[in-house]
Amino acid sequence: MKNIIITGGAGFIGSHVVREFVTKYPNYKVINLDALTYAGNLENLKDIESLPNYEFVKADITDAAHIFEVFQKYQPDGVIHLAAESHVDRSITDPTAFVMTNVIGTVNLLNAAKEIWKDNYEGKRFHHVSTDEVFGALGDTGLFTEDTKYDPHSPYSASKASSDHFVRAYHDTYGLPMVLTNCSNNYGPNHFPEKLIPLCIHNILNKKPLPIYGDGKYTRDWLFVIDHAKAIDNVFHNGKNGDSYNVGGFNEWQNIDLVKELCKQMDAKLGNTAGTSEQLITFVKDRPGHDLRYAIDATKINEELGYEPSVTFEQGLSITIDWYLNNQEWLNNVTSGDYQGYYEKQYS
Ligand code: NAD
Ligand code: TYD
């Protein structure tokens with residue numbers, strides 16, 4: 001029996017990682033440690049919450065004393081750290097919240113792990129889940145490799161870059177066993193509708209404008225969330241101690257083309273006349289400091305660990321849209337209340 005603490009397990013990616021571990025490893029006890037911020041939602045885990053190897057603990061990673069208590073109680077063998085403030089636009093409005101959770105919170109977890117493991121690191125591992133945004137912005141060509149120099153631009157990516165450096169520093173200074181993954185943009189079920197894809201799905205369903213920042217030529221590299229969860233499982237178990245792995249699916253899209261593809265699939269599924277949803281596309285004021293292009297070179301994880309994504313983008317997008325169409329109550333629940341105020345402020 002191994003005890004694994006997964007932080008941020010009630011969030012978008014975290015809930016898929018928790019499900020992957022709880023269902024695939026019945027001999028692991030999976031502890032989902034989450035503060036349940038606006039982005040955390042236990043509804044995401046309804047289907048597995050009664051399984052005997054799953055437990056939820058409400059805790060805020062900025063609360064060092066509480067985190068230490070939780071680590072003392074559960075004596076984890078592994079930590080998979082996903083808890084974070086994750087939305088770039090929110091980081092532009094309130095950078096401090098990102099420093100608190102993403103930097104201080106990560107250091108609190110590292111301290112707790114180091115203290116509990118007491119320098120006896122046999123069989124222990126801290127897996128830090130990070131983003132490709134730490135590498136900054138690419139021009140029209142080139143890909144991010146594991147050796148690309150860090151060059152974050154947004155408060156979000158600066159806070160994630162800092163957390164990556166702390167995780168590596170604990171490895172180099174104290175010998176803490178760690179692996180790190182830097183993944184491209186995720187999409188899939190349970191994605192909070194502040195990010196581009198679920199926001200557009202929600203707006204198409206409500207016949208609201210689809211806000212495209214700037215000229216829409218910004219480019220992102222998209223990976224289906226369950227494929228990210230499988231990559232995390234692979235690296236957590238097979239990755240080399242101290243190494244980092246870029247995770248992606250060689251799947252670049254300009255925002256405008258992606259939203260048009262989404263409109264096309266939505267129209268077909270909703271029985272709309274072709275072109276109906278595209279009419280909702282509206283170009284709006286650009287995001288300050290908007291990174292032009294992200295694209296991952298996923299050769300290392302493929303060649304060293306045999307990892308490759310299981311679905312194409314068209315398949316993943318279709319699964320995603322179907323999930324939102326079949327879970328409109330989930331969407332209504334997360335978009336009532338505070339979301340309205342956020343949306344108003346961001347897009348009015
Ligand atoms: P999310 O915003 O959907 O979920 C974050 C989760 O962390 C929520 O459940 C929230 O309640 C929890 N949380 C936030 N602050 C906390 C705190 N102080 N203490 C405890 N829990 C807290 O985020 P996501 O999109 O699922 O991203 C998860 C991780 O993956 C993040 O570290 C993010 O940087 C990284 N990542 C995300 C993407 C992406 O495309 N979404 C891509 C690469 C890497
Ligand atoms: P987002 O989903 O916020 O992810 P990230 O900023 O982490 O890449 O944004 C994806 C891309 O879509 C990014 O280039 C910004 C753009 N975007 C819009 O054009 N309109 C929107 O309303 C949002 C949320 C994003």
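Good morning, colleagues. The model is a predicted one, in which local features need pLDDT of at least 70, side-chain atom pairs count only at pLDDT 80 or more, and totals for chains, interfaces and linings use all residues. Residues are numbered from 1 along each chain as its sequence is written, chains are lettered from A and ligands numbered from 1 in the order in which they are written, and side-chain values use heavy atoms, with hydrogens and water left out.

I begin with the chain as a whole. Its secondary structure comes to 12 helices and 12 strands; these are DSSP runs numbered from the N terminus, with helices being H or I of at least four residues and strands E of at least two. The C-alpha trace spans about 60 × 45 × 40 Å along its principal axes. The radius of gyration, taken over C-alpha atoms, is compared with a globule rule of 2.2 Å times the number of residues to the power 0.38. For 348 residues a compact globule would have a value near 20 Å, and the chain, at 20 Å, agrees. Of the 348 residues, 56% are buried, where buried means under 20% relative accessible area, exposed over 50%, and partly exposed in between, with a 1.4 Å probe and protein chains only. Contact means heavy atoms within 4.5 Å. Among contacts with a separation of 6 or more, 82% are between residues 24 or more positions apart.

Next, strand S4, residues 78–81. Two strands are said to pair if DSSP finds at least two bridges between them. Strand S1, residues 2–7, is joined to S4 by four bridges, and the two run parallel. Within that pairing, Ile-6 has Ile-80 as its bridge partner. S4 is also joined to S5 by four bridges, again in parallel, with Gly-78 opposite Arg-125 of S5. In a regular strand the side chains alternate between the two faces of the sheet. Here, Gly-78 and Ile-80 point one way from S4, Val-79 and His-81 point the other way, and all are buried.

Which elements do the buried residues of helix H5 pack against? They pack against helix H3 (88–93), helix H4 (95–117), strand S5 (125–131) and strand S6 (178–183). H5 itself covers residues 155–174, and its 20 residues reach 28 Å from first C-alpha to last, close to the 28 Å expected at 1.5 Å a residue; that expected span is 1.5 Å times one less than the number of residues. Its buried residues include Tyr-156, Lys-160, Asp-164 and Tyr-170. Just after H5, Gly-175 takes a positive phi of about 80°.

A further sheet is open and has three strands in the order S7-S9-S11, with mixed pairing. Strand S7 (185–187) and strand S11 (252–254) stand at the edges with a single partner strand each, so one side of each has no neighbour in the sheet. S9, residues 219–224, is joined to S11 by three bridges in an antiparallel arrangement, and Thr-219 stands opposite Gln-254. Helix H8, residues 255–270, lies across S9 and S11 at about 90° to S11; axes are lines fitted to C-alpha atoms, for helices over the stretch in contact, and angles run from 0 to 180 degrees between N-to-C directions.

Val-225 lies in helix H7, residues 225–238. Val-225 counts as buried because its relative accessibility is 0%. Beyond neighbours within four places in sequence, its contacts include Phe-12, His-16, Asn-186 and Tyr-187.

Helix H12, residues 338–347, has Tyr-339, Tyr-342 and Tyr-343 buried. Seen down the axis of H12, these buried residues fall within an arc of 100°, so they line one face of the helix; the arc is that of the directions from the helix axis to the C-beta atoms. On the other side of H12, Glu-344 and Lys-345 are exposed. The buried residues pack against H3, helix H6 (196–205), strand S8 (210–213) and helix H11 (328–335).

Finally, two loop residues. Most residues other than glycine have a negative phi. Gln-75, in the loop between helix H2 (64–74) and S4, has a positive phi of about 40° and is partly exposed at 44% relative accessibility. Lys-207, in the loop between H6 and S8, has a positive phi near 50° and is exposed, with a relative accessible area of 69%.
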